[in-house]
Amino acid sequence: MIHPSHGVQIFVATKPVDFRKGHDGLAALVQSHLHKKPFDGAVYVFRAKRADRLKMIWWDGTGLVMAYKRLEQNAFKWPAIKDGVLRLDPAQFETLFAGLDWRRVTALETRPPAAAE
């Protein structure tokens, strides 16, 4: 399981992409369609036309990393298909990656303890 650190941004492309694309093709999509920078350290998640597959890329500081996951018996819960990008928090991403319904996960709002103020 990949666990993005707290400060890492996670973006999901809401429109399916051609899954024959590799590192460079997905990085080009990040730049041209999502209007983001593929080498900024964020995680970019892509879906296939078949809802049981995902690919993601991220720059780890030394190279562009790509991961692929296919669910064997279920489908991922994806946002509605449209042009654009959706930002997930780390808990929602972990839920999506596990094949669960990420829409049911909300981040807790935290404040510093009163003694720290």
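In this predicted model, Trp59 is partly exposed, with a relative accessible area of 28%. That value falls in the partly exposed class because buried means under 20% and exposed means over 50%.

Trp59 also takes part in ring pairing. The structure holds five aromatic pairs. A pair of this kind is described by the distance of the ring centres and the angle of the planes. For Phe39 and Trp59, the centres are 5.3 Å apart and the planes stand at 90°, so the two rings are paired edge-to-face. The two residues come from distant parts of the chain, 20 residues apart: Trp59 belongs to strand S3 (residues 53-59), while Phe39 is in the loop between helix H1 (23-32) and strand S2 (43-47).

Lys55 lies over the face of Phe19, 5.2 Å from the ring centre. Over the ring of Phe97 sits the charged end of Lys69, at 4.4 Å from the centre.

Which residues of H1 are buried? They are Leu26, Ala27, Leu29 and Val30. These residues span an arc of only 155° around the axis, and therefore lie on the same side of H1. An α-helix has 3.6 residues a turn, so residues three or four places apart point the same way. Asp24 and Gln31, on the other side of H1, are exposed. The packing partners of the buried H1 residues are S2, S3 and strand S4 (64-70). S3, one of these partners, is also the strand that holds Trp59.

Technical notes:
Residues numbered from 1 in each chain as written. Predicted model: local features only at pLDDT ≥ 70, side-chain atom pairs only at ≥ 80, totals over all residues. Heavy atoms only, no water. Phe/Tyr/Trp six-rings, centres within 6.5 Å; stacked < 30°, edge-to-face > 60°. Helix = DSSP H or I, 4+ residues; strand = E, 2+ residues; numbered from the N terminus. Buried < 20%, exposed > 50% of the residue type's maximum accessible area, 1.4 Å probe, protein only. Lys NZ or Arg CZ within 6 Å of the ring centre and 35° of its normal. Arc of directions from axis to C-beta. Contact = heavy atoms within 4.5 Å.
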